[in-house]
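Here's a quick briefing to read alongside the model. Have the sequence and the 3D view open and follow the topics below.

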Amino acid sequence: MKAQLRCLVLTGTLFIFLGVSCSQTGRQPSDNGSEVQPVDMHNSQSSLDWQGSYRGILPCADCSGIETVIDLDADNTYRMSQKYIDKDSIPRVISGSFTWTKDGNKIVLGKENDNRRLQVGENQLFWMDNEGNRITGALAEQYRLVKQ
């Protein structure tokens, strides 16, 4: 009887030990003893098919809108064509290179201080405000360019 009880206790202890050790896999302690969470490497730059041509009509204070086309290439170059509806007969074209923000979800066209930032979404670009935030409010939907 004692042998059966000892065997049962040892088996139970083994199962508890295995259960605890298996539940700790994938977690690594940091230098200060706290657990390090795995980094999510999914972002717009690495997870989306962002290369292509995007089109939309941006709001304009003194015209019917700004017809905008942005072409993004895999080598991080862009071409932006903008035509002020009812004012321009020929679109204004700007081209150059763009950079990704550190989080990999937004791009900056040209130089950082040009304030032409866009958030890259699934088959769409969202024009950002001067501080790099997504535009909200009644006109928010009009600051979206759709992939063609």
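**Strands, bridges and a barrel**

Strands β5 (residues 77-84) and β6 (residues 92-100) run antiparallel and are joined by six bridges; two strands pair if DSSP finds at least two bridges between them. Helices (H or I, at least four residues) and strands (E, at least two) are DSSP runs, numbered from the N terminus. Keep in mind that this is a predicted model, where local features need pLDDT of at least 70, side-chain atom pairs count only at pLDDT 80 or more, and totals for chains, interfaces and linings use all residues. Residues are numbered from 1 along each chain as its sequence is written, and side-chain values use heavy atoms, with hydrogens and water left out.

**Overall layout**

- The chain has two helices and ten strands, and along the sequence they come in the pattern α-β-β-α-β-β-β-β-β-β-β-β.
- Eight strands close into a barrel with antiparallel pairing, in the order β3-β4-β5-β6-β7-β8-β9-β10.
- Ignoring direction, neighbouring strands of this sheet are turned by 30° against each other on average; the axes are lines fitted to C-alpha atoms, for helices over the stretch in contact, and angles run from 0 to 180 degrees between N-to-C directions.
- Of the 148 residues in the chain, 27% are buried (buried means under 20% relative accessible area, exposed over 50%, partly exposed in between, with a 1.4 Å probe and protein chains only).
- The accessible surface of the chain is about 10300 Å², and 54% of that belongs to carbon and sulfur atoms; the areas come from the Shrake-Rupley method with a 1.4 Å probe, and for residues only the protein chains shown count as cover.
- Among contacts with a separation of 6 or more, 30% are between residues 24 or more positions apart (contact means heavy atoms within 4.5 Å).

**Around β5 and β6**

- Tyr78 stands opposite Gly96 in β6.
- Ser81 is found in strand β5, and it counts as buried because its relative accessibility is 13%.
- Leaving aside neighbours within four places in sequence, Ser81 is in contact with Glu67, Thr68, Val69, Pro91, Arg92 and Val93.
- Arg92 also forms a salt bridge with Asp88, the closest N and O atoms being 3.7 Å apart; a salt bridge is a side-chain nitrogen of Lys or Arg within 4 Å of a carboxyl oxygen of Asp or Glu.
- Asp88 has a relative accessible area of 18%, so it counts as buried.

**Around β8**

- Four of the five residues of strand β8 (residues 117-121) are buried, so the strand is mostly covered.
- On one side, β8 pairs with strand β7 (residues 106-109) in the antiparallel sense over three bridges, and Gln119 in β8 is the bridge partner of Lys106.
- β8 also pairs with strand β9 (residues 124-127), again antiparallel, over four bridges, with Gln124 in β9 as the bridge partner of Gly121.
- The hairpin of β8 and β9 has two residues between the strands, and Asn123 there takes a positive phi near 60°.

**The β10 end**

- Val146 sits in strand β10 (residues 144-147) and is partly exposed, with a relative accessible area of 32%.
- Setting aside neighbours within four places in sequence, Val146 is in contact with Ser53, Tyr54, Arg55 and Asn123.
- Val146 and Leu125 are 21 residues apart in sequence and 6.6 Å apart in space, C-alpha to C-alpha.

**Salt bridges**

- The count comes to five salt bridges.
- One of them joins Asp49 to Lys147, with the closest N and O atoms 3.7 Å apart.
- That pair links distant parts of the chain, 98 residues apart: Asp49 is in the loop between α2 (44-47) and β3 (52-58), and Lys147 is in strand β10.
- Asp49 is exposed at 55% relative accessible area, whereas Lys147 is buried at 19%.
- Glu141 forms a salt bridge with Arg144, the closest N and O atoms being 2.7 Å apart, and Arg144 is partly exposed at 27% relative accessible area.

**The disulfide**

- There is one disulfide by the rule used, namely a pair of cysteine sulfur atoms within 2.5 Å.
- It joins Cys60 to Cys63, with an S to S distance of 2.2 Å.
- The link of Cys60 and Cys63 is right-handed, with 125° about the S-S bond.
- Cys60 is buried, with a relative accessible area of 18%, and Cys63 is buried at 15%.
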